[in-house]
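Keep the sequence and the 3D view open, and try each task before you read its solution.

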There are 2 protein chains.
Amino acid sequence: MTSTVDTSKPDLDQRRAELANRLDHLLPAGTLLTHAEELRPFECDALSAYRRQPLMVAMPKTVTEVQAVLRTCHDMDVPVVARGAGTGLSGGALPLEQGVLLNLSRMDQVLEVDVPNRLARVQPGVRNLHISDHVARHGLYYAPDPSSQIACSIGGNVAENAGGVHCLKYGLTVHNVASVAVVTIDGELIRLGGAGLDASGYDLLALIHGSEGLLAVIVEITVRLLPKPVHAQVAVGAFTRVDEAGDAVASIIASGILPAGLEMMDRGCIEAVNAFLDVGYPDCAGLVLCELDGTEAEVKSQIEAVSQILRDSGATEVTVSRTEEERLKLWSGRKAAFPAVGRLAPDYYCMDGTIPRRHLARVLNEIKILSERYGLSVVNVFHAGDGNMHPLILYDANMEGELERAEKLGGKILEACVEAGGTITGEHGVGIEKIDQMCVQFSTIELQQFHDLKAAFDPRGLLNPGKAVPTLARCAEFGAMHVHGGQLPFPDLERF
Amino acid sequence: MTSTVDTSKPDLDQRRAELANRLDHLLPAGTLLTHAEELRPFECDALSAYRRQPLMVAMPKTVTEVQAVLRTCHDMDVPVVARGAGTGLSGGALPLEQGVLLNLSRMDQVLEVDVPNRLARVQPGVRNLHISDHVARHGLYYAPDPSSQIACSIGGNVAENAGGVHCLKYGLTVHNVASVAVVTIDGELIRLGGAGLDASGYDLLALIHGSEGLLAVIVEITVRLLPKPVHAQVAVGAFTRVDEAGDAVASIIASGILPAGLEMMDRGCIEAVNAFLDVGYPDCAGLVLCELDGTEAEVKSQIEAVSQILRDSGATEVTVSRTEEERLKLWSGRKAAFPAVGRLAPDYYCMDGTIPRRHLARVLNEIKILSERYGLSVVNVFHAGDGNMHPLILYDANMEGELERAEKLGGKILEACVEAGGTITGEHGVGIEKIDQMCVQFSTIELQQFHDLKAAFDPRGLLNPGKAVPTLARCAEFGAMHVHGGQLPFPDLERF
C-alpha cells in the first residue's frame, strides 16, 4: 500500500520544470519546494500508512499567491491537494505524484479580533489552540477541540468539519464559524457566510465545511468566540456492564442536561490507561465521564443530577471532582487513552464511526464478534454523548497480513455502524481511508448528486481528486466484491 | 404589481389540459385542482402584494405522488413551485402562471417518534406546533418557533431555514434537523444527513436549508427534539435612550449568558403595544426583554445577573416575572407587536435584515433618517440578541405611490444593513421580495457560483424559477439603476 513514487520519472520531471518555471514568475523566492528531500516531509498526513511524493510543494503566504498557484494549475490541468498542519487521520492531504501540494501553514496570522461581536478573523494555517491563546486576555476562547488542538490548523478543521470532546455542547466546526473566504480552482475569491446567524443565498458556508478540499481552497476564516466558562466539574461513573454505561449516557441526554463532554471507555481501554498512568480508574467494564461547565450554581445543580442518574443506571462507584486539580486528573486518563493503548500492541488503527446512541450496546457487541472473527483485539473509547465511536484495532504491521486484516476489520466495523443507522465518519473525514465505505453509506443517485455538485465548483476535478467521494465505477467494483451479493445498497427509508 | 393573470389564455389552457391528462393517470382522484375558483386561494403566500394564478395545483399525499408530479413536469418542461402552509413573508411560494403549484399540506403525518434519540420523523406539511404537541407527553418539544408556529409547516421552515425568538439559544431550523428526504426535479429520492451530529459527503442537508425550493422538494424531515425547560423567567428593562438598550443587549451576550429570547422594541412600537393591550410597558425610548430558561437554579442565578447588567447599562426600570402568568403577560406585548402596529396605519411592510449587534444604534439612526427622507413612519421591533431587525414601514396602499415608496424605503433599509456588515434577510428569505437586494449583497462571481450550484440539482431551472437568486442580467440592470453609479459592488474584504 505504501506507494512512494520515483520522482525522477522523466515525464514528471518535465512537468515539474514547466510548472515551476511558470510559477517562479508569480511567487516570491522560497515559495516552491521541488527537490526530493524537501518533498519528503509532505509525503503523508497522520494516516501515515499511505505515502506519496508530490510533484512540488507550494507554500504561499497571501491570498494572491494562492490565487496564482490555482490559476496556473487550472491553466495547465495540474491537480492540487491543499494541506493544513497534516494532522488529518483519513489521508485527506495525501499528495498526488503529478500534483501540487498547496501547504497553507505559512498563512498563520490572526488578522482581526472583534471583541463585542466575539469574532476572530484568521488565516487558515493558524493553529486551533493559538486562537484561544490569542483571545484569552478578553476572557474568550474558541470552543471546538479535535483533541489535536496544539497542532491542527483551523483551515483543516473547516475542511474536515472537525468535532471533538466538546462538540456535544458547543457543536462542530461549522457551528463555530461565521464566514470563510475561499479561492476556487480558477483563482476566484469568494466570501461565504457573514456575521449574522443566517445568510441569504445557498448555504455554501456549511457546504465548504467537511468538503475535504474538493470544492475550493480555504484562505480565511472568521470564527465565533465564546466566553470562557467560569466553572467546570467532572463526574465519573464505573459500571460492571457496558450496556448499563450506555443507558446512563442515554439517560443523561434524556434529562435535558447538556454536558460539555460525555465520554465512555471499555474495559480494554481502562486497563491500558491504568497501566499507563496513575489515574486510578476503578477496575470495571465501562466508565462514563461527564463534564459540566457554566456558572457555579448551574454546574453544582447539574453535577448532582448527573451523579444521581449514574447511580440510578447502576454505577457501582461515582467520583466527582472537587477541585480543578482533581478534574484535570480524572480527565488525564481519557486524554492519554490513545498513547496508553499504543503500548498494548506495536500498531493500532483508529476507527471513527457514528451511531445513534440507543444502539451503542448493540454495535459494541458486533465489534466484539468481528474482533474475534478477524483475530485482532479492539478496545473502545468514544464520544458517547454524540454516538461517535473510536474503536482502536490492535495489530502488528511487521506480522505478514495483519495490516490488511486490520483494514478489513475496520471496514466491517464501519459497515456495522451504517447498518445501525450511523455514518462511516464521526469527525476524521473520509479522505482516502474510507472512500470504499462511502459506497455502503450512499446510493448511486446520492453519489451522483455529490459529483454534480463537485462539478459546479471544479468541473475538471482538479481539487484533491480521488478523495472523499468515490466514482460510481469504483463503487460498482467494491460493491461487486464486498457488498450484498453484487447489489449496491439503495437508501433505506428507515435508516435512522 | 398585482398581476393576477387571465387563466383562460388559449395556450395556457392547452398546456393545462395536456399536463392534467398525463398526471390524471398517475395520481389519485382529487389530487389536482385546475379550475380558476379552486386556484384562487393559492394565488399568493403571506406576501400578499404579489399574486399570480398557477397553471394548476397538485396536492400529493405520498412521496410517490410527488415523484410522479416532478417527473412529469420535468418531461414536459413545466416549472414547479413547492408550497407548505403559505405563511412565507417573501413570496417564495408565489406561483407561476405556466407552472404547477405543488402544495404539500396534505402530507401532514408524524411518521415516527424516537424518544431515546429525541428525533421525530415527519412529513413536510406537519405544522411546526403540532410536532411539539405530539411529543409533549414525552416531556419533549421542537425548539424553533418562527412566531407563526400555529400555522407554518415544517417543510417550509426547512426551505426558508426559519429562525425566530428562540434561535439565539436553540439555533435556526438547520441546527434542529437531523436529516431530510428530498425529491429532485427528475423524480429521484435522496436522503440527506443522518441521526449523528455529522455525516460524510458534502453537507447537502445544510444546503437544502434556506434553498427556498430551488434545489429539490422536501418530502420528509427528521427533527431533533429537546426536553422542555423546567423553568423560565423574563426580565424587562426600560431605557431612555435606544443606544443604551443596544449596549445592554451587547453586555448580556458578552457576559456569556445565552438567553432563550433577547428582544428589543423602540418607542413607536412600545406606544403601539400599550395602546393595543393592557401590558403596561413603561413609557420609554427602548425596551429590552430577556428570557432565561433551564433548571430553577440556573435561571435564578442568570436572571439576577441579567437584571444587574440592565441596571448597569442605564435601565430606569427593571421588571422580573415572578410567576408564569407574569412571564406570559410581559411577553404578550412583544407577541402582539405586529397587530398593534397594524392599527397605526392602514398597511405596514415588515422588513427583515440582520446586522452585527454592535451596529444596532448606528443602523437605527440610519433608518430614522431614511424614514424622514421617504416621508413614511418606521417602528422597530427585533430579535436583538442575534441582530435580526424587523423595521415596520407604515403606509397606506390606497394613497397613490405609497406602496412604491414603502418598497423603495425597504430596499434602502436592507442596503443599509449590508453596508453595516449584515445581510438582507434574517429569517424571512429572499423569495421575490428581496431578489434585487441580492445584487447588493453578492458579487457577480458569488452569484455565478450560486447558479452553477443550482444547475447541479436542476439544470433546466424548473424549480421555483425567478426566486431567491437573481440572474446576472437582472443585477446588471438593477445595479445600473440603483447601485454605486452603475458599478456592481464587489466583495468587501472587511465586511464582517
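A residue is called buried under 20% relative accessible area, exposed over 50%, and partly exposed in between (1.4 Å probe, protein chains only). The model is predicted, so local features need pLDDT of at least 70 and side-chain atom pairs count only at pLDDT 80 or more, while totals for chains, interfaces and linings use all residues. Residues are numbered from 1 along each chain as its sequence is written, chains are lettered from A and ligands numbered from 1 in the order in which they are written, and side-chain values use heavy atoms, with hydrogens and water left out.

**Exercise 1.** Decide whether B:Val418 is buried or exposed, and find what it touches.

*Solution.* Start with the location: B:Val418 belongs to helix α14 of chain B, residues 402-419. Helices (H or I, at least four residues) and strands (E, at least two) are DSSP runs, numbered from the N terminus. Next, the relative accessibility of B:Val418 is 14%, so this residue counts as buried. Contact means heavy atoms within 4.5 Å. Beyond its neighbours within four places in sequence, B:Val418 contacts B:Ile424, B:Val440 and B:Gln441. Finally, look at B:Gln437: it is 19 residues away along the chain, and its C-alpha atom is 9.1 Å from that of B:Val418.

**Exercise 2.** Work out the strand order of the open four-stranded sheet in chain A, and explain which strands are at the edges.

*Solution.* Two strands pair if DSSP finds at least two bridges between them. In chain A the order is β1-β2-β4-β3, with mixed pairing. β1 (32-33) and β3 (80-83) of chain A each have a single partner strand, so one side of each lacks a neighbour in the sheet. Now zoom in on β1(A): two bridges link it in the antiparallel sense to β2(A), residues 56-58. There, A:Leu32 sits opposite A:Ala58 of β2(A). Helix α3 of chain A (residues 63-76) packs on the sheet and touches β2, β3 and β4 of chain A. The direction of α3(A) makes about 165 degrees with that of β4(A). Such angles run from 0 to 180 degrees between N-to-C directions, with axes fitted to C-alpha atoms, for helices over the stretch in contact.
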